[in-house]
Amino acid sequence: MRTYGKWTAALLMSGMLVTSVCPMTAYAAGPLSDRVGEGYDAETWAKLTDDVLEYDEVPMLVHEFNTQISQTWDQLKEVQDDLKQGVADLEGYRHKMKNLKDRAKDEYNMEGIIQYTTQDIILGKVITGMNTSVEGILSTGTKNSLQKAENQLTKAVQSLMITYDSTRKQRDVVSHLQQLYDRQYQIMVNKQAVGLATPQEVVTAQTNQLSALSTLQTIDGGLMQMKPTLCSLAGWPADANPEIAEIPTVDLSKIDEMNLEEDTRKAIGNNTELISQRRSASGKTNAGVEARLGVINEGDQKMTIKMKELYDDVFARKSAFEGAKAGFEAAQKSADGYERMYQVGLMSEADYLGTQISYYQKKAAYNAADTSLRLAIETYGWAVKGLVNAD
């Protein structure tokens with residue numbers, strides 16, 4: 001049987017007489033998989049409960065399945081339900097006290113009148129206090145605080161997933177490069193054996209080979225470290241192995257939706273640090289009032305500057321992305337032509353390997369630019385939601 005908890009304990013300090021006759025009803029939270037119908041259609045819930053982690057599902061996954069977030073919401077709701085049931089039980093017992101008091105009056109039982117009147121008053125105060133707690137547990141302030149924590153965690157999970165996806169794409173490129181450098185090194189060794197390559201060319205080829213292998217091992221280690229954390233934060237056990245879906249290419253239409261002036265107002269209005277400054281106590285003197293207004297104005301100005309920086313950063317990275325994309329698309333077309341030339345014997349293997357290496361280097365630059373732009377757009381969006389500080 002669950003007890004009231006710290007809120008109820010404080011309220012019942014003066015009403016211990018009721019606890020022995022009004023036991024609490026325990027409520028067990030159902031499994032998360034039973035939540036279909038609580039704001040989700042069957043199709044959406046099926047996607048959330050499959051074994052695939054998708055980027056656009058992160059906010060819902062954190063809300064529903066992150067252990068800390070879901071348990072906090074559930075526990076607050078359970079405490080609220082307990083208190084409501086407790087109030088109902090106490091009101092029933094208070095009604096009994098009133099009936100006993102009325103009977104004592106009819107019987108001119110002064111001792112009973114005093115006893116039952118006292119208990120009626122105590123129960124009334126306890127019930128009033130518990131009703132206040134019921135309203136306060138999921139008050140706007142509490143919900144806002146929890147929502148802020150949930151938003152910050154969502155931001156962290158999205159950032160980690162972007163990094164994981166970028167690293168995985170980098171691994172694919174480096175894996176191809178490592179194979180190409182392996183073959184390039186073998187060719188250089190063979191050329192040196194017949195006097196067609198210098199020792200320095202062999203060393204350079206070997207350095208490229210070993211560097212790619214080392215990079216690949218480092219990437220694999222990073223992926224192994226990131227995946228358990230990503231799984232755990234999104235609601236899977238740390239040792240689970242869900243499919244982590246590839247994040248689609250950055251959506252440039254989000255840039256068209258950006259409105260610096262309007263977004264800055266939202267960022268200032270949503271930022272909890274600035275909200276705290278605005279809600280701070282007013283000064284009791286003119287100097288105090290001016291100082292408070294100065295702090296508020298300074299905070300607003302800093303956020304205005306920060307938003308302009310984030311806005312400009314998006315467009316700078318957009319330009320870099322477009323350049324990298326154009327370079328990669330050109331490399332793709334060239335790669336097709338080089339492939340045909342190599343197949344019909346119009347290009348040596350050594351030259352062909354060089355074109356392949358160039359292609360994958362362009363692809364790596366494109367992937368990096370895509371990730372960089374995505375992070376810039378997301379950071380701007382997080383700032384609008386109040387999750388990026390001005391400093």
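What share of the protein's 391 residues counts as buried? The answer is 38%, where buried means under 20% relative accessible area with a 1.4 Å probe, counting protein chains only.

This is a predicted model, in which local features need pLDDT of at least 70 and side-chain atom pairs count only at pLDDT 80 or more, while totals for chains, interfaces and linings use all residues. Residues are numbered from 1 along each chain as its sequence is written, and side-chain values use heavy atoms, with hydrogens and water left out.

**View 1. Helices and strands of the protein.** You can pick out 12 helices and 2 strands here. These are DSSP runs numbered from the N terminus: H or I of at least four residues for helices, E of at least two for strands. Along the sequence they go α-α-β-α-α-α-α-α-β-α-α-α-α-α.

**View 2. A close look at helix 12.** Helix 12 covers residues 349–384, 36 residues in total. From first C-alpha to last, helix 12 reaches 53 Å, close to the expected 52 Å (1.5 Å times one less than its number of residues). After helix 12 comes Gly386, with a positive phi near 90°.

**View 3. The largest nonpolar core.** This core has 36 residues; such a core is a set of buried Ala, Val, Leu, Ile, Met, Phe, Trp, Tyr and Cys residues joined through side-chain atoms within 4.5 Å. Helix 12 supplies its largest share, 13 residues.

**View 4. Around Tyr380.** Leaving out residues up to four places away in sequence, Tyr380 touches several residues, including Met258, Asp263, Met307 and Val314. Contact here means heavy atoms within 4.5 Å.

Note on methods. Buried < 20%, exposed > 50% of the residue type's maximum accessible area, 1.4 Å probe, protein only.
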